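Please consult the sequence and the model shown below while reading.

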Amino acid sequence: MSLPILPPELIEEILSCLPVKLLVRFTCVCKHWNSLIFDPRFAKLHLERSPKHTHTLLTLLDGVEESETWVVAPQSVRRLLEYPASTVVNEDKCYRFTVNNFYAIGSANGLVCFIGDKSMHYENNEIYSWLWNPSLQLISRNSPTLSFMHPNHWVHLGFGYDDSGDTYKVVAVLWDYTVQKWEGRVHCMGDSCWRKTLACPNFPTLLIRTPIGRFVNGSVNWLALNNLTYHEYEWKDVTIEQLVIFSLDLRNETCKYILLPNSIGVKPQDEPEPALSVLRGCLCLYYNHMNTHFVLWEMREFGVQESWTRLVNLRYEQIQWDFVPDLRLLPVCLSENGDVLMLACPLAWHEVIMYHPRDGRVEHIVLPNNQVWYAYEHMKSLVLPRPHPH
């Protein structure tokens with residue numbers, strides 16, 4: 001008796017619901033399955049059906065002294081929160097490098113964007129980008145070089161997905177000395193050049209300490225000063241009223257301002273600059289308050305000021321930490337139900353803090369020889385790091 005043969009449409013439906021790890025293995029089943037799984041149309045269908053916010057992309061400093069290595073490693077949020085002491089850098093699908101002239105600036109639909117710096121001297125900068133899919137272990141070609149004159153290396157970067165054009169964009173906001181104003185540049189994956197974002201003629205001054213914009217809801221977001229269009233400022237002179245979120249919509253390449261929470265409080269002169277992150281698919285604001293508390297707000301409905309919700313108001317006493325300026329806590333990931341928040345402190349510890357907001361419990365977990373520096377939301381996907389045919 002012959003086995004029943006499933007129609008191709010049903011096979012595609014079944015495969016589109018499976019995890020990426022299995023699908024990569026199934027490419028060896030036959031040529032047809034290999035062709036189907038690597039088809040951009042199937043990758044898009046699979047992306048729509050895949051769970052979001054499942055992983056975080058960590059940039060770690062691995063090792064000590066002369067053997068230090070930078071590692072970019074996607075990690076399951078659930079696994080990180082349940083087994084935080086496990087060594088993350090020994091897993092497959094990590095990107096390792098020993099130089100300081102390139103770094104990851106974000107992730108969208110499973111693609112990680114890297115920026116490389118080929119500047120040979122102080123005043124003239126040259127940067128380029130490339131994309132990496134950790135699940136497929138595939139890397140794109142390098143983008144064209146963006147050249148600009150910027151003695152203090154103040155360039156703000158962002159990466160995200162434009163669903164209207166089904167393309168991935170890298171954004172650079174920099175001070176143009178020739179016209180004495182902030183300018184925006186955009187590179188679409190596959191294009192032969194960077195171009196100006198003409199729809200945003202008046203860029204505000206973006207905060208120096210948060211050069212990487214956070215991608216959420218189709219836009220890249222930076223903290224900015226709403227009444228300052230020059231490239232220099234003194235943080236001690238900045239007031240809370242001046243702070244806004246500058247949001248660049250990648251679809252239309254237009255910009256808008258988003259207001260911070262009303263009850264954010266008063267800024268002492270010696271506090272470090274606040275920063276943005278993305279947790280559970282929501283834009284978050286975090287900062288040091290009065291040198292006594294770590295505060296985290298979540299914008300539950302993007303662009304709606306009234307939706308800001310304070311998730312964390314953690315006293316430094318609870319984590320047995322004497323606050324030191326510039327040693328800021330970094331939110332790494334948050335459980336789906338909000339019960340557990342992982343925090344790290346770049347430059348300070350080879351450990352992470354597990355904070356349980358419901359009962360205020362704090363745990364210190366050592367990461368052997370690993371220091372967490374950056375964290376971005378990430379998901380596994382079959383998206384190829386190259387332009388899709390149209």
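Which residues are linked with Asp 162 in a network of salt bridges? The network joins Asp 162, Lys 169, Arg 195 and Glu 253. A salt bridge is taken here as a side-chain nitrogen of Lys or Arg within 4 Å of a carboxyl oxygen of Asp or Glu.

The model is predicted, so local features need pLDDT of at least 70 and side-chain atom pairs count only at pLDDT 80 or more, while totals for chains, interfaces and linings use all residues. Residues are numbered from 1 along each chain as its sequence is written, and side-chain values use heavy atoms, with hydrogens and water left out.

**Salt bridges**

Under the rule above, the structure holds 14 salt bridges.

Helices (H or I, at least four residues) and strands (E, at least two) are DSSP runs numbered from the N terminus.

The burial of these residues is described by relative accessible area: buried means under 20%, exposed over 50%, and partly exposed in between (1.4 Å probe, protein chains only). Glu 13 is partly exposed at 37%, and Arg 49 is partly exposed at 37%. Arg 361 counts as partly exposed at 40%. Asp 162 and Lys 169, by contrast, are both buried.

Four strands make up an open antiparallel sheet in the order 22-23-24-25. Strand 22 (330–334) and strand 25 (361–366) stand at the edges with a single partner strand each, so one side of each has no neighbour in the sheet. From one strand to the next, the twist averages 25°, where axes are lines fitted to C-alpha atoms and angles run from 0 to 180 degrees between N-to-C directions.

Strands count as paired if DSSP finds at least two bridges between them. Strand 23 (residues 341–344) and strand 24 (residues 351–356) pair over 4 bridges. Met 342 has Met 354, in strand 24, as its bridge partner.

**Two buried residues**

Asn 221 is located in strand 15 and is buried, with a relative accessibility of 0%. Contact means heavy atoms within 4.5 Å. Beyond its neighbours within four places in sequence, Asn 221 has contacts that include Gly 213, Ile 245, Leu 276 and Phe 302. Asn 221 and Leu 276 are 55 residues apart along the chain, yet their C-alpha atoms are separated by 8.1 Å.

Ser 143 sits in the loop between strand 7 (138–139) and strand 8 (146–149). Ser 143 is buried as well, at 10% relative accessible area. Leaving out residues up to four places away in sequence, Ser 143 touches Tyr 128, Ser 129, His 187 and Trp 194.
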